[in-house]
Amino acid sequence: MQPGNSLIFPLLGYFALVNCASGYHNPEGKSHQERQTGNPVCAVTQPTTKAPRKNIWACLTNQEVTEAIDFLYKSNELNLTKTGGSWDNSIVSIDLLQPNKTDVLPYLADTKPAPSRYARAMLMFGNTKEPYMQEWMVGPLPISNQTKAQPLTFLSTRKSDNKLRVYNADFDAVGTFNENIMSQAANAIKALWNVNPDAVSITTVSPTQVDSGHVTVWQGFMGNPSGRYDTGTLLPLGLYVRSDMTGRDPSKWKIEGWLYNNIFYKTIDEFSKALAQPGFKKLGMVVDGPWAQLDKQGDALPFDDLPPPASVQPGPKRFSFDANENFLSWMDFTFYITVSRDMGVRLFDLKYKGKRILYELGMEEALAHYSGIDPIQSGTCYFDTMYGFGSSIVSLVNGYDCPSHSTYVNIDFLDGTTRRTQPNGICMFEMDRGFPIQRHSGGGFTSVTKNIAFMLRSVTTVGNYDYQTTYEFHMDGSITVAARASGYIQSGYFSHNEEYGFQIHDNLSGSMHDHVLTFKADFDILGEKNSLQKVEFVPTTETYVWNDGKPRNTMKAKKTFITNENEAKIDWSPNGDSLYAIVNTDAKNNYGENPGYRFMPAAGVAHLTVQNSSITQNAANHADRHFYVTKQKETEARASHPYNLLDPADPAVNFAKYFDGESLTQQDLVLWFNLGMHHMPHSGDLPNTVFSTAYSALTIEPLNYLPGDPSRATAQQIRVDNGNNGTQTVVTFGAKPASCAVGPDQLNPNTAASRGSLAVHKYPYDGTQPNRIG
């Protein structure tokens, strides 16, 4: 039995730090040398570059981590221990406290030195009757006479000292209590499913339900996987138990009742008596089997055993990378890369044609809100940054997650006090999008241009779900942020669940849920002072001077500006007839238009369906609209907080408090946008949801920013001229032809380079150690 624990348990005992990229490499472990096989084999080399300045957003160095940890442990006020028991004060996580933008901009302008470095540490204070978590900051680093440790409060919207009360801190006592539950349920388990108690587990709803200090914990019974796959989220059994776990004295915890077939029994005796009655309706068991397991199944597909098409690199790569500063240059784009323990991959100082368009781009939160007839599905909402979107990055599989010619970057993190490396945590590659970026056939000619894009990708496995995040850069100056989800769904039991999902297997219901992934885009269009423009397609009836006074039904462009934060909580129009852009009205282009960047959905998007959620309360106000625009403030750096659900009524970050009526006219603006999916699992989600449909994306593109289409500058285009006598002439523009053979290591990639991946399992979770996958 692996008891499920909720909310805070996954991080106690797991001290995680992500330290950005730690070097790139060829996944084959060797260079592609030329070999004589008729033609020389392409030498796939990685060009290097030198960053214009140091990456000040880079995660904490080994020395900084060591010094910050030591400084905290030496504090008599904090009284931290390294054992990490439930009654100890301990370090939960540590990461870089990102510098303030107002301190960074002078550094980027070469007018001031780099800002000081600080660590932010999440601490658990368990040595008290009312345990709590609190963030602290340590700096400046390296340690000096000026270094001090103090509570980190300026990033929180709470008026208090940002102490987050923890109502379920006694994870070491939960296991004993769960054993009592299993002991009481042993006879019922045998009677209902004819199995022994060690064949089932119990999982705990997340977050914990707290009402005026009273702690109610719902747990559900689920079957244990029968094979190597983590199919547990597909094996609910339809039996639930409610407990009162108020306070820190486990002897006062008590079971309050049992739920089966939508009937509530106050005691196990009452349930057992009902179970023994003739006519008691026993519901079926969800039985693990091939339907829930991976590997090849089904009839062979025609030609499927033949090698499929593959993306290859016929020579040196066409982007350059500074591995020391994690700085990348591709065509007209440059940016710095870092990795946050909570939020994963982030990009900073993103420039196009030498001018910054984005100061910061990255994910803020990945939220999954469930619904169902039972208390587990009805009570579940995950904030996946709590488990660590960066520390849960997994190794990418060469040739499958990314093309075999990709450049891979390692991710460093701390497991306890030991630094470990996640190989192949990020991949970077170019690819042909499979359709031209431009084409036109006219009188006697055809013009067509290849659509080559650059991709930066990572995959985070948080429990049952794998999230793929890709930043795509295009030759037209546009950027697409794409998110995909795969993995095992969290399912519900079928009984009485018709209004919350489809029945997708024997006794199994797909549990409806919303995925909402919130991203931050801090725009700087030709400077920091920008405005939010809206252009609407509106129907109208007009009378024109040339139409003899007759009215004509047509449409117009209604151009306005959204001037106030309170008006900048926006949903996309149902017909897609509204255009939004961040523009600079003080820097008109040659035609008097406002240059900027438009942003728009590139695939389905979503915000929360639930209104005024009983679970999240004020903790998910960043997820109730499609996008928001606010004035940039150092105190409003994050849309959410990994531990918002510890106090949903007054969370660490209440995003709604950012909207206080401030002007958006020529201010430093931040766009917060939501990607996501309304997921109603169906039989096609078994065994795993697939990336091809669980997909969401947003594109930002130049709007009146450039004099024309910048992709015309590429050499990867041709013009085919057709002569009158049937002859054709192909005109090229300087693109070099491929002159070498593609090596077998590109066509048959070495997947062994993907080593074991660390993933934090949330459902169920053994809080004593991270789960090692692979």
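The second largest pocket of this predicted model is lined by 28 residues, of which Gln313, Pro314, Arg318, Gln716 and Lys736 lie nearest its centre. A pocket is here an open set of points, on a 1 Å grid over the protein atoms alone, where a 1.4 Å probe fits, with protein on both sides within 12 Å along at least five of seven lines; lining residues have an atom within 4 Å of a point. The volume of the second largest pocket is about 830 Å³, a volume being the space filled by probe spheres set on the points, with grid points joined across faces, edges and corners. Its lining divides into 15 nonpolar, seven polar and six charged residues; Ala, Val, Leu, Ile, Met, Phe, Trp, Tyr, Cys and Pro count as nonpolar, Asp, Glu, Lys and Arg as charged, and the others, Gly among them, as polar. Strand 20 provides the largest share of the lining of the second largest pocket, three residues. Strands (E, at least two residues) and helices (H or I, at least four) are DSSP runs numbered from the N terminus.

Residues are numbered from 1 along each chain as its sequence is written. Because the model is predicted, local features need pLDDT of at least 70 and side-chain atom pairs count only at pLDDT 80 or more, whereas totals for chains, interfaces and linings use all residues, and side-chain values use heavy atoms, with hydrogens and water left out.

With a disulfide taken as a pair of cysteine sulfur atoms within 2.5 Å, the count comes to two disulfides. In the link of cysteine 402 to cysteine 427 the S to S distance is 2.1 Å. The value about its S-S bond is -80°, and the link is left-handed.

Cysteine 42 is buried at 1% relative accessibility, whereas cysteine 740, at 22%, is partly exposed. With bonded cysteines counted along the chain, the disulfides follow the pattern 1-4, 2-3. Cysteine 59 is buried at 3% relative accessibility, and cysteine 381 is buried at 0%.

In strand 36 (residues 669-679), 10 of the 11 residues are buried, so this strand is largely enclosed by the rest of the structure. Strands are taken to pair if DSSP finds at least two bridges between them. Strand 36 pairs in the antiparallel sense with strand 29 (residues 513-523) over 10 bridges, glycine 676 being the bridge partner of valine 516. Strand 36 also pairs in the antiparallel sense with strand 35 (residues 627-631), over five bridges; here leucine 671 is the bridge partner of valine 629.

A search of the whole structure finds 34 salt bridges, each a side-chain nitrogen of Lys or Arg within 4 Å of a carboxyl oxygen of Asp or Glu. Aspartate 244 and lysine 254 meet in one of them, at 3.1 Å from N to O. Aspartate 244 belongs to strand 10 (residues 236-244) and lysine 254 to strand 11 (residues 254-260). Aspartate 244 is buried, with a relative accessible area of 7%, while lysine 254 is partly exposed at 43%. In another salt bridge, lysine 353 and aspartate 332 meet at 2.7 Å, N to O. Lysine 353 is partly exposed at 41% relative accessibility, as is aspartate 332 at 35%. Arginine 356 forms a salt bridge with aspartate 349, the closest N and O atoms being 2.8 Å apart. Arginine 356 is buried at 16% relative accessibility, and aspartate 349 is buried at 3%. Salt bridges that share partners join Lys101, Asp349, Arg356, Asp522, Asp524, Glu528 and Asp668 into one network.

Terms used:
Buried < 20%, exposed > 50% of the residue type's maximum accessible area, 1.4 Å probe, protein only.
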